Amino acid sequence: MADMQNQRYRHYPQFTEEHDALRKTVHDWCVNRLHPHAEAWEAARLFPREIFKEAADLGLLGIRVPEEYGGLGLDWWFTTVWAEELAHCGMAGLGMALLVQSDMATPVIGEIGDDYHKRNFWQPAVQGDAIAALGVTEPDAGSDVASIRTTAVRDGDDFVINGAKTYITNGTRADFITLAVRTGEAGYGGISLVLFPTNTKGYRVTRKLEKIGNHCSDTAEIAFEDCRIPVRNLLGMENMGFYYIMQNFQGERLVGSLSTISAAQRCLDLTVQYCRDRSAFNKPLTGFQTVRHLLVQLEAEIEAGRQLCYRAVQLVEAGDDMAIREISMAKLICGELANRVADRCLQLHGGMGYMAETEVSRIWRDARLITIGGGTSAIMREILTKVQGI
Ligand SMILES: Cc1cc2nc3c(=O)[nH]c(=O)nc-3n(C[C@H](O)[C@H](O)[C@H](O)COP(=O)(O)OP(=O)(O)OC[C@H]3O[C@@H](n4cnc5c(N)ncnc54)[C@H](O)[C@@H]3O)c2cc1C
């Protein structure tokens, strides 16, 4: 199976034997170790904490992190392989939780953190000894990041933090949060990023949220009441947080798009097999031209989405760390497409598609998040209208 998987990607010139080797490692781990537990961990609404450590031991939580901080020191094409192969664990929630750790909550520490931040927060996350979360969204501020209200007020060598965040992935068990706080004036010019240890007095998980999909990942509402953290936990420059968040979002959206398009591919592959095996009117479903045409149409569209992601990775690798146009397009196109693919594939499974035990029904539920989390489709269109000057 892993070799077949490598065959699929072999005709893309950017992938070398080293990428193939990583692909096989991640693929085998997902299929053999994780996938058999998908139903149980979805039902339990949580996967075991030890999975973070297992991923770290395989090097997967620090693919682009320099070796001196425990990482593999590799490039974005290896991250691409990581994000793509995670789809094979059969539960998007687990992939999301691990990608939050490796590519959403922590890269900003590498970008703008000092050695203290890197040794005390980044390295433990890379090594799977600490769980990380990203705390931006608030009950009254989601798409409009500039209106966050959680405050951090200086008092001597401390910040005193008050406020609340919501929809925080890994939120019930995070050891630290890369947290967006208001340190200055209203609007985008008064936001900072701090590293917040969750064992701080006054911090509380106020609610574990029940979702319609991504069940095995925990999502929380959290609150801060007079929480004191040292000013040295400030990341980068005070009141520059909005820019750091926007930059960090680019990597988040790119890994999100890559894992999304890969999940769509898995959904389609499962459906092609189902249509070969399932018969109606004395022939397999693939014997009907309308079915065959739909399957290849979806294959072509997934390939187009994947190429958009690869173009964005290529630009990032070439030094355009924002690649705003291509990453926004990738998130928009892959998110919308993944929902359509999952919907059509579910339909092709007939009644079986409506059963909770069928993997495509889980992919369908999980895919619904993609056009919302990490920036909605409308926000991607907003960004693109600005980039295109329309
Ligand atoms: C399962 C899950 C996990 C998440 N994990 C995290 C996490 O780990 N950390 C974190 O900080 N956040 C997280 N989020 C939050 C997520 O990023 C936000 O939900 C998202 O950015 C949208 O914000 P909102 O929910 O406040 O929606 P709103 O901003 O209230 O938007 C509501 C609707 O209005 C539309 N809209 C808003 N502005 C415009 C506009 N200018 N033009 C047109 N339409 C507009 C939106 O597209 C949307 O359809 C998570 C969310 C979910 C559901």
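At what angle do the axes of helix H11 (residues 324-348) and H13 cross, and within what distance do they come? They cross at roughly 150° and come within 9 Å. The structure is a predicted model, in which local features need pLDDT of at least 70, side-chain atom pairs count only at pLDDT 80 or more, and totals for chains, interfaces and linings use all residues. Residues are numbered from 1 along each chain as its sequence is written.

View 1. The chain is divided into domain 1 (2-126), domain 2 (132-239) and domain 3 (242-387), with bounds that come from an automatic or database domain assignment. Between domain 1 and domain 2, the C-alpha centres lie 24 Å apart. Domain 1 gives 25 residues to the contact and domain 2 gives 18 residues; two residues are in contact if their C-beta atoms, placed from the backbone, lie within 7 Å. On the side of domain 1 that touches domain 2, two or more residues come from each of helix H3 (38-44), helix H6 (92-104), helix H7 (107-112) and helix H8 (115-126). H6 provides the largest share of that side, eight residues. Helices (H or I, at least four residues) and strands (E, at least two) are DSSP runs, numbered from the N terminus.

**View 2. The shell around the ligand.** The ligand is surrounded by 23 residues, the closest being Val136, Gly142, Ser143, Thr376 and Ala378; a residue is near a molecule if its C-beta atom, placed from the backbone, lies within 6 Å of it. Strand S1 (132-135), strand S3 (158-169) and helix H13 (377-387) are the elements that give two or more residues to this shell. Its residues divide by class into ten nonpolar, eleven polar and two charged. Ala, Val, Leu, Ile, Met, Phe, Trp, Tyr, Cys and Pro count as nonpolar, Asp, Glu, Lys and Arg as charged, and the others, Gly among them, as polar. The ligand lies between domain 2 (132-239) and domain 3 (242-387), because both give residues to the shell around it.

**View 3. Helices H11 and H13.** The axes, which are lines fitted to C-alpha atoms over the stretch in contact, have angles from 0 to 180 degrees between N-to-C directions. The crossing at roughly 150° makes H11 roughly antiparallel to H13, a term for angles over 145 degrees. H11 passes H13 in a left-handed crossing, meaning that the near helix is turned anticlockwise from the far one by less than a right angle. Residues in the contact include Ile324, Met329 and Leu332 of H11 and Met380, Ile383 and Leu384 of H13. By class, this contact has seven nonpolar, three polar and four charged residues.

**View 4. Helices H10 and H11.** Helix H10 (residues 289-317) packs on H11 at an angle of about 160°, and their axes are 10 Å apart. H10 is therefore roughly antiparallel to H11. H10 passes H11 in a left-handed crossing. Among the residues that meet are Leu294, Leu298 and Leu308 in H10 and Ile327, Ile333 and Leu337 in H11. The contact divides into 16 nonpolar, one polar and four charged residues.

**View 5. Helices H9 and H10.** Helix H9 (residues 241-277) and H10 pack with their axes 10 Å apart, at an angle of about 160°. H9 is therefore roughly antiparallel to H10. Their crossing is left-handed. The residues that meet include Leu254, Leu258 and Ile261 in H9 and Leu295, Val313 and Val316 in H10. By class, the contact of H9 with H10 has 15 nonpolar, three polar and two charged residues.

Key. Angles under 35 degrees count as roughly parallel, over 145 as roughly antiparallel, 65 to 115 as roughly perpendicular and the rest as oblique.
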